[in-house]
Amino acid sequence: MNLSRARSPWVLHYDASSCNGCDIETVACMTPLYDIERFGAISIGCPKHADILLVTGTINHKSLRVLRNIYEQMTEPKVVAAIGICATSGGVFHQSYNLLGGVDKAIPVDVYISGCPPRPEAIIDAIVMGVEKLKKKGKEGLAGSAEASSG
Amino acid sequence: MSFRTIIPFGPQHPVFPEPIQLKLAVEDEKVVEAIPGLGYVHRGLEKGAELNDYVKNIYLAERVCGICSFIHSWTYCSCIETLLQVEVPPRAEFLRLVFSELSRVHSHLLWLGLYADAFGFESLFMQCWRVRERSLDMQEAGGGGRVILSTCTIGGMRKDLDEDMRRAFIKEVAEIRRDFQQIMTPFFEDYSIKKRTVGIGVLTKEDAQSLGAVGPVLRASGVAGDTRLLGYGPYREVDFEPVVEAGGDCHSRGKVRVREVLRALDLITQALERLPEGEIKTNFRGKLNGEVFQRMEQPRGEMLYYVKAGSNRSLDRFRIRTPTFANIPPLLKMLPGCDLADVPVIVLSIDPCISCAER
C-alpha cells in the first residue's frame, strides 16, 4: 500500500494568491517537456483524492479559509509543498496590507521551493521530495495504527 | 415547476488554474443567473507600488500577472518614460515589440491548451503546451527568464540580441509556425469541438460594445477593436491589422486566438527583419513630474495604466485596469440561459486572468 502510494502520488494545485508565474510553471510540469508522470504523479482536481498539495502564492484573508478547507479535506498521509518565494515568505508583495505571509502561517508545510518563479525542474524536485516525505508519513501512520490495534 | 438552486462554482475547481468564485443560480440544468465572488488573489499591489521607489516598481509591475508580465513592464516603463521625457532608442522599441508578441504567442497557446482541456481534449492540451515551450525557450534565450523576463527597463532594454541570435529567432519563429499549423486544425473543423462551442455563450456585437468587452472577446463579436491600432511604440511601422470573427460564440473566440498566434508570429518576423541598429538604452535623470495614462494591448485585451508622480521618487497613485476586469460583465451576460455543463467552457472562453483582475 505504501509503495503504491509512493509510485503514484496524486498532485493537487491551489493558487492562494500568486501572480500566475508559479502556476503556469506548475502546469508546465505536467506537459510533455517536463512530464511529472515519469514519477507516476498526475494532476487531480479533487482534494479528497490528492496526496501532495502544491500551493503557489502567499495567503490573503480570503484564501486562508479556502486553503484550510482543502487541507482538511485531504486524507492522511498528506504532504504540502510551498512553490515559489511568495509561498515561502511573501516575496515581492511582503509589504502588502492584505497578505498574511508564507503558507506555513495557515497550514503545515513539508517542502519549500524558492524562486520567482521557480524553474519546472525545481518544482519536479519538490514533488520528488514530497514523495519521500509521503513514504515516511505512510510508514509512521502504519506503525501508529499497528500500535493502536495491538494496544 | 422548477426549483431554483444556487451552485457554488469555484474558488477551487479543476478547470481553473486560479481561484474565482461564481455562484450559479440554476433552474433544473439551466443557468439563470451568475454572481461573481472576487478577492481570492488580491495582493494590494497598487498600494504596494506607492511605498516603493519608482525604479523598483518595474519588478512589481511584472508580477501583476506572470503570463503577460512583459507587457506590464513595458506599459509601466513607458509611463515613467513619458513622465521623465526620455526618448527610447528605436532598436529597444522593436525588441519590446518582439518580446510582447512572444508573450502573446505563449499566452494564447497556454489558453488554447486549457480550453482544449475544458472540453476533454487532453492530447490537444499537451500538444499546445509542447509548442508553447519553444516560445518560452526563445524568451529565456533573449530575455533571461522563462516567464518573468525582467528585461524591460526605464529608457530601453537590458539585453540586446546579437546577429546570430536574431537569425536563430527568425528560424525558430518559422518552426513554431510549422508546429502550430500541424495542430491548429481541430479548433476550426473538429466535429466534437464544434458541438461543444458553436452557438454557446453568444455575445452580440451590441452587447459587446455596450458592456465594454475588450480584446479577443470584442473581436470575436465582429468589432475590430485593438489598442495596437493606435500605433504606440513601433506598431505604426509594421503591417498590422486586427483579427476579427463574426460569430460571438465560444468557437469564434477560439478561432480569433488561433489566428492571433499566427499574426503575432508574423509581427515578430517583421520586427526582427527590420530591427534597426543602434543603442538599446537611454540613460535618464531628473524628477518625475505630472501624471500619465497609457493604454496597451495585452493578450487578453486593452489594459490601462495611470501613474501620478509624487514627491521624493515615489508615486502618488498607481492604477491598473486589466482586460479581465473589463470582460467580467460580458461574461455575466453570456452565462444566463446556458447549460450547467457548458459553464467551464464559457468561463474559459474569456481567458480569465484573475491575478491581473484582482492584483
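At roughly what angle do the axes of α5(B) and helix α6 of chain B cross?

## Basis of the model

This is a predicted model, in which local features need pLDDT of at least 70 and side-chain atom pairs count only at pLDDT 80 or more, while totals for chains, interfaces and linings use all residues. Residues are numbered from 1 along each chain as its sequence is written, chains are lettered from A and ligands numbered from 1 in the order in which they are written, and side-chain values use heavy atoms, with hydrogens and water left out.

## Two helices of chain B

The axes of α5(B) and α6(B), the latter spanning residues 163-183, come within 10 Å and cross at roughly 175°; axes are lines fitted to C-alpha atoms, for helices over the stretch in contact, and angles run from 0 to 180 degrees between N-to-C directions. The two helices are therefore roughly antiparallel to each other, a label given to angles over 145 degrees. Residues including Leu124(B), Val131(B) and Met138(B) of α5(B) and Phe169(B), Ile176(B) and Phe180(B) of α6(B) make the contact, where contact means heavy atoms within 4.5 Å.

The loop between α5 (122-143) and β4 (152-153) of chain B holds Thr151(B). Thr151(B) counts as buried because its relative accessibility is 1%, buried meaning under 20% relative accessible area with a 1.4 Å probe and protein chains only. Leaving aside residues up to four places away in sequence, Thr151(B) touches Glu62(B), Phe70(B), Gly143(B), Met157(B), Arg158(B) and Lys159(B).

## Chain A as a whole

Chain A has 5 helices and 7 strands, taken as DSSP runs (H or I, at least four residues, for helices; E, at least two, for strands) and numbered from the N terminus. Of the 151 residues in chain A, 56% are buried, and the C-alpha atoms fill a box of roughly 50 × 35 × 25 Å along the principal axes.

## A helix and a loop of chain A

In helix α3 (residues 61-73) of chain A, the buried residues are Ser63(A), Leu64(A), Val66(A), Leu67(A), Ile70(A) and Tyr71(A), and what covers them includes β1 (10-17), β3 (52-57) and β5 (79-83) of chain A. At the start of α3(A), a side-chain oxygen of Asn60(A) comes to within 3.1 Å of the backbone nitrogen of Lys62(A).

Pro108(A) lies in the loop between β6 (99-101) and β7 (111-113) of chain A, and, not counting residues up to four places away in sequence, Pro108(A) touches Tyr71(A) and Val80(A). The C-alpha atoms of Pro108(A) and Val79(A) are 8.7 Å apart, although 29 residues separate them along the chain.

Definitions and conventions: Buried < 20%, exposed > 50% of the residue type's maximum accessible area, 1.4 Å probe, protein only. Parallel < 35°, antiparallel > 145°, perpendicular 65-115°, else oblique. Polar contact = N/O pair within 3.5 Å; in protein donor to acceptor, adjacent residues only side chain to side chain.
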